Amino acid sequence: MSLDLERLIRPNILNLVPYRCARDEYKKGILLDSNENSFGSVLSVEQEDGQELHRYPFAYAELKKKIAKFRGIRVEQIFTGVGSDEAIDSTIRIFCSPGKESIIVTPPTFSVYKVRGDINDAKVISVPLTPDYQLNMDKLKKAITPEVKVIFICSPGNPTGVRIPREDIIELLESDYKGMVALDEAYVDFSTSPSDCDLVDKYPNLVVLQTMSKSFGLAGIRLGWAIAHPSVIDVFNKVKTPYNLSTMTAKMGMDALELVDEMHQRVKQVQQERDKLMESMRQTPEVKNVRSSEANFFLAEIEHAHEVYRMMADKGVVVQYKGKEPHCKDCLRVTVGTPEENKVLLETLKDVCKLVAEQHADDATENKTKKRKTDQ
Ligand SMILES: Cc1ncc(COP(=O)(O)O)c(C=O)c1O
């Protein structure tokens, strides 16, 4: 399958001359080319791999080698960014001409796609998922116009926790749609089926977004990546700020990629706790429904969810209210905590649900009394 990059990419980005400097070619010697502080950093943190903090970072190649090994892909297929948030923004910035072109989002979904779309002045078209949180393929295909340049798909979905089948992604990639598909796999390591990132070998209009923030537990270092056809990755690299990842981020990312077994162990712990917590919530009478999930969170449908959410937060247990999203009426999104945190969550939830139910019962009695009085 060929990729008509010239037609897809914004003309100014296609013609962009990227920032280049002497360090791109010469990395050793007496380095007096980048206006660094030759007397060293005020912090005396020496890096054993020769990366010193007074130097601009240069370890991205090594980092990419480790990511490539981890995901079974090639170095040229990887762009590393400040969280996958950077890759989300770059995807829109590269392909959508401001004020002219569009992205499609499939709510309920990760709200950052719309926010980045709005910031980049892309029109944001919503094609909601079906009630069982799958792509509404007919509506999606009908919404596609030549102006649509990126379709964001989240799998497992946030907040749904539901995986989009590989066949559906392939169907979209093989349809008449000529723009990019951005497949966000932030939570893929929690899922029972593997990443679909191998599809980039066959489909040059696919960008897969992944992150170290979730399964590796490294949200604080801000490291994510995009996996795509090398010619697409070249454009991501052209557009990024020159040294987007800090030396510490690159170093910690490389260290963590040596600990993949540890990551899998933690994922297993999260999955076990998730299943236990979901079961306990299902047995809580006020919880109307708990949706199954392949992520480290799940949706729980609870009567008067907004009040419950507020009251729980006031008591120190913070979850997310998702009741305004399509097919999420009265839903709270609960991130799986440690066993101790989950115990407090369950106790607080039960107390709060009882309080809210009592309040509503009192209100109903008061209303009845008022009505009786006005009727008399
Ligand atoms: C679906 C999804 N994609 C991307 C991100 C952003 O991840 P990062 O921390 O890598 O920027 C999140 C964070 O919550 C997310 O839920």
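User: Between which two strands is the loop that holds H327?

Analyst: This model is predicted. H327 sits in a loop, with a strand on each side. The two strands are β10 (320-321) and β11 (331-335).

User: What is the phi of H327, and is H327 buried or partly exposed?

Analyst: Most residues other than glycine have a negative phi. H327 is not glycine, yet its phi is positive, near 55°. Its relative accessible area is 32%. Buried would need a value under 20%, so H327 counts as partly exposed.

User: Where does Y133 lie, and what is its phi?

Analyst: Y133 lies in the loop between β3 (123-126) and α6 (137-143). Y133 is another residue other than glycine with a positive phi. The value is near 65°.

User: What relative accessible area does Y133 have, and is Y133 buried or exposed?

Analyst: The relative accessible area of Y133 is 2%. The cut-off for buried is under 20%. Therefore Y133 is buried.

User: What is the omega of the peptide bond from N158 to P159?

Analyst: P159 is placed in the loop between β4 (148-154) and α7 (166-173). The bond from N158 to P159 is cis. Its omega is near 20°.

User: How many disulfides does the structure hold?

Analyst: A disulfide needs two cysteine sulfur atoms within 2.5 Å. For C154, the closest cysteine sulfur is in C328, 13 Å away, so that is too far for a bond. For C197, the closest is in C154, 15 Å away, again too far. The number of disulfides is zero.

User: Are C154 and C197 buried or exposed?

Analyst: C154 has 7% relative accessibility. C197 has 4%. Each value is under 20%, so C154 counts as buried, and C197 counts as buried.

User: Which residue just after α5 takes a positive phi?

Analyst: The phi in question is about 55°. The residue is D121.

Terms used: Residues numbered from 1 in each chain as written. Predicted model: local features only at pLDDT ≥ 70, side-chain atom pairs only at ≥ 80, totals over all residues. Heavy atoms only, no water. Helix = DSSP H or I, 4+ residues; strand = E, 2+ residues; numbered from the N terminus. Buried < 20%, exposed > 50% of the residue type's maximum accessible area, 1.4 Å probe, protein only.
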